[in-house]
Amino acid sequence: MSRQVWKGSTLLNPEPPVLVSCGSPEAPNLITVGWCGTICTQPPMVSISVRPERYSHQLIRESGEFVINLPTESLVRAVDWCGVKSGRDVDKFAAMHLTAAPASKVGTVLVEESPLNLECKVTQVISLGSHDLFLAECVAVDVDERLLNEDGKLCLNRAKLIVYSHGDYLALGRRLGTFGYSVRRKKR
């Protein structure tokens, strides 16, 4: 296999694009965040990276709260649109015909059309350069009951979640295995 060596880059792909809701319930905003991740299990913590000049950065900094809304195939247009428009200029919920529903544990809203919402409280902000990293504890998860099977198990494959890879939004495809399948004993 022949390889080229390029300069360092953020080419870690695919990524889960998410709609982050923030701001007051009276004036909520949405921002599309491509740099989002899990950082700790106990306590449950996540991170998002946001440019300081973005309108949502100020809202999150002031309130110390936000909601990560996982987008589905049906929300892909809103994900793209909310990533190129500013909440300074437009009401993104109204423009995208999305419902701002009250969150249960934080003082902002969640996207009702998203099947899974992670309510977060900021614990630390780290300035890194072009982006600030918001570390946050996930204080509640709102789950659409249609994602649960008859035993109450979460079946995220029912959500039709999307990923973003080098300029393209993609639907998640077929299952290739399950956690631990490579070392699991075969049944006789």
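Start by selecting α2 (76–84): α2 lies across β1 and β2, running at about 100° to β2. Axes are lines fitted to C-alpha atoms, for helices over the stretch in contact (heavy atoms within 4.5 Å), and angles run from 0 to 180 degrees between N-to-C directions. Helices (H or I, at least four residues) and strands (E, at least two) are DSSP runs, numbered from the N terminus.

Two notes before we go on. This is a predicted model, in which local features need pLDDT of at least 70 and side-chain atom pairs count only at pLDDT 80 or more, while totals for chains, interfaces and linings use all residues. Residues are numbered from 1 along each chain as its sequence is written, and side-chain values use heavy atoms, with hydrogens and water left out.

**Stop 1**

Now select residues 28–33, which form β2. Are they buried or exposed? Six of the six residues are buried, meaning under 20% relative accessible area with a 1.4 Å probe, protein chains only. Pro 28, Leu 30 and Thr 32 point one way, and Asn 29, Ile 31 and Val 33 point the other way. In a regular strand the side chains alternate between the two faces of the sheet.

Look for Ser 21 opposite Leu 30 in β2, then follow the hairpin of four residues that joins β1 to β2.

**Stop 2: the whole sheet**

Colour the seven strands of the open sheet in the order β2-β1-β5-β8-β9-β4-β3. β2 and β3 (36–40) each have a single partner strand, so one side of each is left without a neighbour in the sheet. Neighbouring strands are turned by 35° against each other on average, direction ignored. Further in, Val 67 stands opposite Glu 119 in β8.

**Stop 3: two pockets**

A pocket here is an open set of points on a 1 Å grid over the protein atoms alone, where a 1.4 Å probe fits, with protein on both sides within 12 Å along at least five of seven lines; lining residues have an atom within 4 Å of a point. A volume is the space filled by probe spheres set on the points, which are joined across faces, edges and corners.

The largest pocket has a volume of about 530 Å³. Of its 20 lining residues, Cys 155, Leu 156, Asn 157, Leu 161 and Leu 172 are the closest to its centre.

The second largest pocket holds about 450 Å³. Select Thr 32, Val 33, Gly 34, Trp 35 and Tyr 164, the closest to its centre among 21 lining residues. Which element gives the largest share of this lining? It is α2, with four residues, back where the tour began.

Notes. Buried means under 20% relative accessible area, exposed over 50%, partly exposed in between (1.4 Å probe, protein chains only). Two strands pair if DSSP finds at least two bridges between them.
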